[in-house]
Amino acid sequence: MKQRTRSLAIWSGAGVALIGSIVTVVYLFQPWRTCPYDDSPSACAMLPMDATVMAIAMWSTLVGLVILGLGVFMKRVDTAP
């Protein structure tokens, strides 16, 4: 049972951290935005809703990394007799 919990913590933490970091980077560069005063989309001002999504993604990345770390450092259980 412990080994399954450990594996679940490692995989779910890695997944949440990966998705959170991808969303953070995408919202940081904002490739879908255009603004009349600059050519680069990353130079446009961030909208409040975009900032909220990016903040949630950053916190999700941190939470995922904590879960991943807990799973990695969780004590292994030997099932051999």
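I started with W32, which counts as partly exposed because its relative accessibility is 42%. My cut-offs: buried is under 20% relative accessible area, exposed is over 50%, and partly exposed is in between, with a 1.4 Å probe and protein chains only.

Some housekeeping before I go on. I'm looking at a predicted model, where local features need pLDDT of at least 70 and side-chain atom pairs count only at pLDDT 80 or more, while totals for chains, interfaces and linings use all residues. Residues are numbered from 1 along each chain as its sequence is written, and side-chain values use heavy atoms, leaving out hydrogens and water.

Back to W32. I looked for aromatic pairs (ring centres within 6.5 Å, using the six-membered ring of Trp; planes under 30 degrees apart are stacked, over 60 edge-to-face, the rest tilted). The structure has one. It joins Y27 and W32, with centres 5.0 Å apart and planes at 70°, so I noted it as edge-to-face. Y27 itself is at 19% relative accessibility, so it counts as buried.

Helices here are DSSP runs of H or I with at least four residues, strands are E runs of at least two, and both are numbered from the N terminus.

Next I went to R33, in the loop between α1 (2-29) and α2 (48-73). R33 is buried but has no salt bridge, and D50, the nearest side chain of opposite charge, is 4.4 Å away. A salt bridge would need a side-chain nitrogen of Lys or Arg within 4 Å of a carboxyl oxygen of Asp or Glu. What I did find is the backbone oxygen of A45, 2.9 Å from a polar atom of the R33 side chain.

T61, in helix α2, is buried at 15% relative accessibility. T61 and G13 are 48 residues apart in sequence, with 8.7 Å between their C-alpha atoms. A17, in helix α1, is buried too, at 9%. Its C-alpha is 9.0 Å from that of I67, 50 residues away along the chain.

Terms used:
Lys and Arg count as positive and Asp and Glu as negative; His and the chain ends are not counted. A polar contact is a pair of N or O atoms within 3.5 Å; within protein, one must be able to donate a hydrogen and the other to accept it, and residues adjacent in sequence count only if both atoms are side-chain atoms.
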